[in-house]
Amino acid sequence: MPYCSLTKASIYYEVIGDGIPIIMIHGFGVDHRLMKGCMEPIFRKRSGFKRIYFDLPGMGKTKEYHQVENAGDILETVLDLIRMVIPDQPYLLMGESYGGYLARGLVAVQRERIMGIGLLCPVIIPEKEKRTLPAHTILYEDDQLMEQLPVQAKEAFRSENVVLNKKNWVRYRDEIYAGIICADNDFLAKIEQHYGLSTKLEEDSFDKPSTFVLGKQDAVVGYKDAFQILDRYQKASYNVLEQAGHYLQIEQADLFQKLINEWLDRVSNNRRM
């Protein structure tokens, strides 16, 4: 297995393809399979991008992470990984949920190296009680399917998704739940006490191709808070998808892929200008 030994963790990572590096940062309590599951189908039809997937401390296959105490340590570990895997190279960022929050932290410290940023259902406000959230709503539920699921799996599937059918369950099981059940929950509970970065992210203007993709029914991070920072991303598209919760890349897979392709097209065009 490929590991990168860093100061505070031994990070499991995978590199696929060649070209512009894309650092893929998954959310809290899952693992790299989330990003790989939704992004790799896009690259079956396009080349020129080196995809770098990895597991954050306490998640997936990453190990030797017990010196990590807070969000700042996690961000520093991601920075260390970038320095080791793609030293001095410009790169793209793709961050989901908490990974989107960390991606914004990277922009704050490596703005000049970052060629663009994609944010999928990103955490905007780390304090959960301060977020603007819709009530959690189930838009469709396959009763027969739900009766067959184990209690723990059923509760997890219902808690963050809004279209509960077999197709979505299979992807959720393989890309999300598989990471949830192997996470180090004691470690994550510790990190949750220090979930936000020590300095508030006050983004300066970022003028590289960017995209926000958010779920209208996302009751985990919401979508309205992203309006607070939209004007700071001068070349950003802002997309709020209906019939989509926190894992919209599964519930609205076709739209998600089209929007990410549009972002990557803008990145490619920006390089030629």
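**Close-up views of the predicted model**

**View 1. Glu 175 is buried, at a relative accessible area of 10%.** Buried stands for under 20% relative accessible area, exposed for over 50%, and partly exposed for values in between (1.4 Å probe, protein chains only). This is a predicted model, in which local features need pLDDT of at least 70 and side-chain atom pairs count only at pLDDT 80 or more, while totals for chains, interfaces and linings use all residues. Residues are numbered from 1 along each chain as its sequence is written, and side-chain values use heavy atoms, with hydrogens and water left out. Glu 175 belongs to helix H6 (helices, H or I of at least four residues, and strands, E of at least two, are DSSP runs numbered from the N terminus). Once neighbours within four places in sequence are set aside, the contacts of Glu 175 (heavy atoms within 4.5 Å) are Arg 33, Leu 34, Gly 37, Cys 38 and Ile 250.

**View 2. Glu 40 sits in the loop that runs from helix H1 (33-39) to strand S4 (49-54).** Although placed in a loop, Glu 40 is buried, with a relative accessible area of 14%. Residues up to four places away in sequence are not counted here; beyond them, Glu 40 touches Ile 16, Met 35, Arg 51 and Tyr 53.

**View 3. Helix H5 covers residues 151-160 and has Ala 153, Ala 156 and Phe 157 as buried residues.** Looking down the axis of H5, these buried residues fall within an arc of 95°, so they line one face of the helix. The arc is that of the directions from the helix axis to the C-beta atoms. Turned away from the buried side of H5 are the exposed residues Val 151 and Glu 155. The cover over the buried residues of H5 includes helix H4 (143-148), strand S8 (163-164) and helix H6 (166-180). Helix H6 is also the element that holds Glu 175 of the opening view.

**View 4. In helix H7, which spans residues 185-192, Phe 187, Leu 188 and Ile 191 are buried.** The buried residues of H7, seen down its axis, fall within an arc of 95°, so one face of the helix is lined by them. Asn 185 and Asp 186 lie on the other side of H7 and are exposed. Helix H2 (71-85) is included in what covers the buried residues of H7.

**View 5. Glu 262 is part of helix H10, residues 253-272.** The relative accessibility of Glu 262 is 32%, so this residue counts as partly exposed. Between Glu 262 and Thr 7 there are 37 Å in space, taken from C-alpha to C-alpha, and the two are 255 residues apart in sequence.

View 6. The C-alpha trace of the protein chain spans about 50 × 40 × 40 Å along its principal axes. Of the 273 residues in the protein chain, 56% are buried. When contacts between residues at least 6 apart in sequence are taken, 76% of them join residues at least 24 apart.
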